[in-house]
Amino acid sequence: MPMAVAIEAKARGYTVIAMALEPLAEKSLASYVDEIKWIHVGKFGKLIDSLKKCGVKKAVMAGKVSKTLLYKSKITPDLRAVKLLFSLKDRKDDSILLAIAKELGDEGIELLDITLFSTGLLMPEGVLTKNRPSDDEQKDIEFGWKMAKEIGRLDIGQTVVVKNRAVMAVEAIEGTDEAIKRGGKLAGEGAVVVKVSKPNQDMRFDVPAVGLQTLSAMQEVNARVLCVEANKSLLLNKEKILEEAKIAGISIVGYSG
């Protein structure tokens, strides 16, 4: 995703400077941007300082930083990150990201809607694959949609795995791929994966996205359908993912409820 955003931003005349978070960002990102700064995850003060030294006035969050890093890693947050975390009423995704957005804004850095630079990645409406969901799978899509929207409203996660109108797994801190594997194992085979935006999705961050890793997780557990919210989610590596889905016999659907 960072590469795709950088390509589109440069095409629109922006000078693109990447604040690449170590150890998460890929080294190849450097060849897609005008300048790159490597900053360790948790060093929020250094991130702000680097943005200001580079004269950055507009920023986009692209890619994923797993919240599990807060709980099970040896990453040490700097003083500014610690202050931000202790200022929160809770550690839900929106609470953390809104606090980061406010800190950036206070420093004169506007956080932009990621879809401004990923227009070609937006999930279209309809069935994208030759494999179409069966009538029974369509019922699972409709059921899963309601469940996923509800966990999104509670800011728990964005994905549910369902089968025969029963919830096999709900995404929480582990992320989409691990939720798919867990739910798929419980379902046996033929699970339906539904991923949606939150009811009041802030398009500046945490926009739902699926890619080849999502499909790989589904293949591992013989899941059958991937349903993603149309026009409010991002589909990465579209041509490749459709090719892999055809081989695996997986249906991919853009749905808006």
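**View 1. Contacts of Ser50 in the predicted model.** Ser50 touches Met19 and Ile39, leaving aside residues up to four places away in sequence. The model shown here and in the other views is predicted. Ser50 lies in helix α2, which spans residues 44-53. With a relative accessible area of 12%, Ser50 is buried, because the cut-off for that class is under 20%.

**View 2. The buried residues of helix α2 and their cover.** Phe44, Gly45, Leu47, Ile48, Ser50 and Leu51 are buried in α2. Residues three or four places apart in an α-helix point the same way, because a turn takes 3.6 residues. Gly55 follows α2, and its phi is positive, near 75°.

**View 3. An open sheet of 6 strands.** The strand order is β5-β12-β10-β8-β6-β7, and the pairing is mixed. β5 (126-127) and β7 stand at the edges; each has a single partner strand, so one side of each lacks a neighbour in the sheet. Helix α7 (residues 176-187) packs on this sheet. α7 touches β6 (159-163), β7 and β8 (192-195). The direction of α7 makes about 145° with that of β7.

**View 4. The pairing of β10 with β12.** Strand β10 covers residues 225-229, and strand β12 covers residues 251-255. They pair in the parallel sense over 5 bridges. Glu229 has Tyr255 in β12 as its bridge partner.

**View 5. A nonpolar patch on the surface, with Val167 as one of its residues.** Met147, Leu154, Ile156, Val167 and Val170 form the patch. Together they have about 340 Å² of accessible area. Val167 is found in strand β7, residues 166-170. β7 is one of the edge strands of the sheet. Val167 has 36% relative accessibility, so it counts as partly exposed. That class lies between the cut-offs of 20% and 50%.

View 6. Ala245 is buried, with a relative accessible area of 0%. Leu111 and Ala245 are 134 residues apart in sequence. C-alpha to C-alpha, Leu111 and Ala245 are 34 Å apart in space.

Methods:
Residues numbered from 1 in each chain as written. Predicted model: local features only at pLDDT ≥ 70, side-chain atom pairs only at ≥ 80, totals over all residues. Heavy atoms only, no water. Patch = residues over 30% accessible without salt bridge, like charges linked within 9 Å, V, L, I, M, F, W, Y side chains within 5 Å. Areas by Shrake-Rupley, 256 points an atom, 1.4 Å probe, with all protein chains shown as cover. Salt bridge = Lys/Arg side-chain N within 4 Å of Asp/Glu carboxyl O. Helix = DSSP H or I, 4+ residues; strand = E, 2+ residues; numbered from the N terminus. Buried < 20%, exposed > 50% of the residue type's maximum accessible area, 1.4 Å probe, protein only. Pairing = 2+ DSSP bridges. Contact = heavy atoms within 4.5 Å. Axes fitted to C-alpha atoms, helices over the stretch in contact; angles between N-to-C directions.
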